[in-house]
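Okay, hi everyone, thanks for making time. Please have a look at the protein on the screen, and then I'll walk you through how its pieces sit together.

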Amino acid sequence: MRAAFLWLRGYDEAGTARRAKAAWSQLCLGCHYHQYEIGPTEDQVRAWRGEVAALVSLMGC
């Protein structure tokens, strides 16, 4: 994914690329939590979904 985010930085605005990388990071943490950790809340998942939808809209996908 690092290469994809580097490409995205050249394709779109740097702020959009940073937001996409941050969203990806949060989604990865939410999907790969350990049994001794509390998983993501429903509100967190909704916020991540909203952020992804906003990024898709910004990029015109």
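So, to get going: which residues does T16 touch, not counting residues up to four places away in sequence? They are L55, L58 and M59, where a contact means heavy atoms within 4.5 Å.

Before I go on, a bit of housekeeping. What you see is a predicted model, where local features need pLDDT of at least 70 and side-chain atom pairs count only at pLDDT 80 or more, while totals for chains, interfaces and linings use all residues. Residues are numbered from 1 along each chain as its sequence is written, and side-chain values use heavy atoms, with hydrogens and water left out.

Now the overall picture. The protein has 3 helices and 0 strands, and from the N terminus its elements go α-α-α. Helices here are DSSP runs of H or I with at least four residues, strands are runs of E with at least two, and both are numbered from the N terminus. Taken along the principal axes, the C-alpha atoms fill a box of roughly 40 × 20 × 15 Å. There are 61 residues, and 16% of them count as buried; buried means under 20% relative accessible area, exposed means over 50%, and partly exposed is in between, using a 1.4 Å probe and protein chains only.

Back to T16, then. This residue sits in helix α2 and is buried, since its relative accessible area is 6%.

How do the helices pack? Two packed helices are described by the angle between their axes and the distance between the axes. The axes are lines fitted to C-alpha atoms, over the stretch in contact for helices, and the angles run from 0 to 180 degrees between N-to-C directions. Take α2, residues 14-31, and α3, residues 42-59: they pack at about 150 degrees, with axes 10 Å apart. So α2 is roughly antiparallel to α3; the cut-offs are under 35 degrees for roughly parallel, over 145 for roughly antiparallel, 65 to 115 for roughly perpendicular, and oblique for the rest. On the α2 side the contact includes T16, A20 and L27, and on the α3 side it includes W48, V52, L55, L58 and M59. By class, that contact has 9 nonpolar, 3 polar and 2 charged residues. Nonpolar here covers Ala, Val, Leu, Ile, Met, Phe, Trp, Tyr, Cys and Pro, charged covers Asp, Glu, Lys and Arg, and the others, Gly among them, are polar.

On to the other pair. The axes of α1 and α2 come within 7 Å and cross at roughly 155 degrees, so α1 is roughly antiparallel to α2 as well. F5, L8 and R9 of α1 meet A14, A17, A20, K21 and W24 of α2.

What does the largest nonpolar core contain? It has 7 residues: F5, L8, A17, A20, A23, L55 and M59. A core like this is a set of buried Ala, Val, Leu, Ile, Met, Phe, Trp, Tyr and Cys residues joined through side-chain atoms within 4.5 Å. The largest share, 3 residues, comes from α2. One to look at is A20, which touches F5, L8, L55 and M59, leaving out residues up to four places away in sequence.

Last stop: is L27 buried or partly exposed? L27 is partly exposed, because its relative accessibility is 28%. Setting aside neighbours within four places in sequence, L27 is in contact with W48 and V52.
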